[in-house]
Amino acid sequence: MIWQDAVIAGANALFGYSLVYQVWLGFRHKRGNFAPQASLLTTVGLCALAIAYFTLGLLASAAATAVTGTLWLLLFVQGVRYREPKKA
């Protein structure tokens with residue numbers, strides 16, 4: 001493993017760790033705290049990065065980024081599912 005892979009994987013693991021509690025709170029309180037557009041674009045971007053890291057052979061970075069992307073996907077689902085209906 002090259003040092004860049006370790007640094008990228010470590011940073012993405014920290015980002016993922018910081019999101020776990022947010023995802024858990026969203027499911028617990030049935031609230032989507034993030035705008036769906038923001039979480040969807042972040043999910044797409046992280047998935048693209050995970051694919052790029054994988055093709056470069058940075059497997060730890062690809063895995064950590066994929067996990068973080070999955071957490072953002074869960075935040076997107078919460079934002080859509082728990083959205084309050086618009087009032088007329």
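## Overall layout

Helices here are DSSP runs of at least four residues, numbered from the N terminus. By that naming, Lys-30 sits in the loop between H1 and H2. The model is predicted.

The chain has 3 helices and 0 strands. Read from the N terminus, the order is α-α-α. Along the principal axes, the C-alpha atoms fill a box of roughly 55 × 20 × 10 Å. Of contacts between residues at least 6 apart in sequence, 82% join residues at least 24 apart.

## Surface and burial

The chain counts 88 residues, and 31% of them are buried. Its accessible surface is about 6,100 Å². Carbon and sulfur atoms account for 70% of that area.

## The loop residue Lys-30

Lys-30 is not a glycine, yet its phi is positive, near 55°. The residue belongs to the H1–H2 loop.

In soluble globular proteins, nonpolar side chains tend to be buried together. In this model, the largest nonpolar core has 6 residues: Leu-19, Val-23, Leu-46, Leu-71, Trp-72 and Leu-75. H3 gives the most, with 3 residues.

Leu-75 is one of the core members. Beyond its neighbours within four places in sequence, Leu-75 touches Leu-19, Gln-22, Val-23, Phe-34 and Ser-39. Leu-19 and Val-23 belong to the core too.

## Thr-43 in helix H2

Thr-43 lies in helix H2, which covers residues 36-55. Its relative accessibility is 7%, so Thr-43 counts as buried; the cut-off is under 20%.

The side chain of Thr-43 comes to 3.5 Å from the backbone oxygen of Trp-72. Setting aside neighbours within four places in sequence, the contacts of Thr-43 are Gly-69, Trp-72 and Leu-73. Trp-72 is also a member of the largest nonpolar core.

## An aromatic pair

The structure contains 3 aromatic pairs. One of them joins Phe-27 and Tyr-82. The ring centres of Phe-27 and Tyr-82 are 6.4 Å apart, and the planes meet at 85°. The pair is edge-to-face because its angle is 85°, and the class takes angles over 60 degrees.

This pair links distant parts of the chain, 55 residues apart. Phe-27 is in helix H1 (residues 3-29), while Tyr-82 is in the segment after helix H3 (59-81). Phe-27 is partly exposed, at 33% relative accessibility. Tyr-82 is buried, with a relative accessible area of 16%.

Technical notes. Residues are numbered from 1 along each chain as its sequence is written. This is a predicted model: local features need pLDDT of at least 70, side-chain atom pairs count only at pLDDT 80 or more; totals for chains, interfaces and linings use all residues. Side-chain values use heavy atoms; hydrogens and water are left out. Helices (H or I, at least four residues) and strands (E, at least two) are DSSP runs, numbered from the N terminus. Buried means under 20% relative accessible area, exposed over 50%, partly exposed in between (1.4 Å probe, protein chains only). A polar contact is a pair of N or O atoms within 3.5 Å; within protein, one must be able to donate a hydrogen and the other to accept it, and residues adjacent in sequence count only if both atoms are side-chain atoms. Contact means heavy atoms within 4.5 Å. Rings of Phe, Tyr and Trp (its six-membered ring) pair if their centres lie within 6.5 Å; planes under 30 degrees apart count as stacked, over 60 as edge-to-face and the rest as tilted. A nonpolar core is a set of buried Ala, Val, Leu, Ile, Met, Phe, Trp, Tyr and Cys residues joined through side-chain atoms within 4.5 Å. Accessible areas come from the Shrake-Rupley method with a 1.4 Å probe; for residues, only the protein chains shown count as cover.
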